[in-house]
Amino acid sequence: MTTFGFVGLGAMGRHMVSHMLGKGLDVVVFDSNEHAMSELVSVGAHPARDARDLANRAQVVMICLPTPAIVEAVAIGQDGLITGSNIKVFVDHSTTGPTVARKLADAFAKREIVSLDAPLAGGVAGAKAGTLSVLVSGSSSGFERAKPAFDAFGRNVAHLGEQPGLGQTMKLVNNMIAGAALVTAAEAVLFGVKAGIPAKTILDLLSKSATARGFAVETLLGEKVLSRNFDFGFRMDLMRKDMRLALSEAEAVNSPMLACSVVKQIFDSAIADGYDTEDMTKVVIQLEKLAHTEISDK
């Protein structure tokens, strides 16, 4: 029986591991937050002392961490996962960009360890529900070995190809569209509000429109912003990080991102105003300040 290892038991990872345990998979876990570990140990996970200990005990090792620098340190740093004696497949569920994915794949290949980049789409809600999209690239044999875990927490599991970094590229495409759609939809709705139509009326009608409805209108604005809860579950600084990665990687392949560059600057403005660790939907507040009105159901 394959033993899976999982590093990073935050907002996403803890739910993913819970689904893996629910499917009867054998899982070893590690996180710097002992409370996060103890919660999962209480329902069947096995605790590891550190990353190296985890990779000594698990054949398929998965990580879900916030930044490329942290991913590199945990994966290929001193006493990192790469030094483990039992690891055969490394899976990165973080959003790091294709350049980092290729770097990790090269490093693990020297140890004859398969590396997959497998970022996620669907947010915290998808992790809780077990309906994530898992965007995987790398070895087909590695994909098949890790697939029982992907199937445990994912509804849409896609193997995009053998080339490292394709999963990361797809995730950056996804997040760039999500951020841009939120900003442009908010600007349009604020125009309607200033012209005299209540925000709720606008959003209700847009949700029935074949051309305008979608995630940004129905979920981000219609649920998270209109209620003023701003609780989508993805931090502003992490969304801005993904946008920076997207712009950098697009430049590397000579693909223009003119409109997306402007969207990133709006997120920059929100972070400069102190929203860096708050929900990314609060970027709408920057647009509301300029419009001198709110998207609210009041």
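Residues are numbered from 1 along each chain as its sequence is written, and side-chain values use heavy atoms, with hydrogens and water left out. Because the model is predicted, local features need pLDDT of at least 70 and side-chain atom pairs count only at pLDDT 80 or more, whereas totals for chains, interfaces and linings use all residues.

Select Met1, which lies in the segment before β1 (3-7); strands are DSSP runs of E with at least two residues, helices are runs of H or I with at least four, and both are numbered from the N terminus. Met1 is exposed, with a relative accessible area of 78%, where exposed means over 50%, buried under 20%, and partly exposed in between, for a 1.4 Å probe and protein chains only. Not counting residues up to four places away in sequence, Met1 touches Gly24, Leu25, Asp26 and Gln59, a contact being heavy atoms within 4.5 Å.

Next, select β7, β8 and β9, three strands that form an open sheet in that order with mixed pairing; two strands pair if DSSP finds at least two bridges between them. β7 (120-121) and β9 (154-159) stand at the edges, each with a single partner strand, so one side of each has no neighbour in the sheet. β7 pairs with β8 (residues 132-136) in the antiparallel sense over two bridges, and Ala121 has Ser133 as its bridge partner in β8.

Finally, select Cys64, which is buried at 16% relative accessible area, and Cys260, which is buried at 17%.
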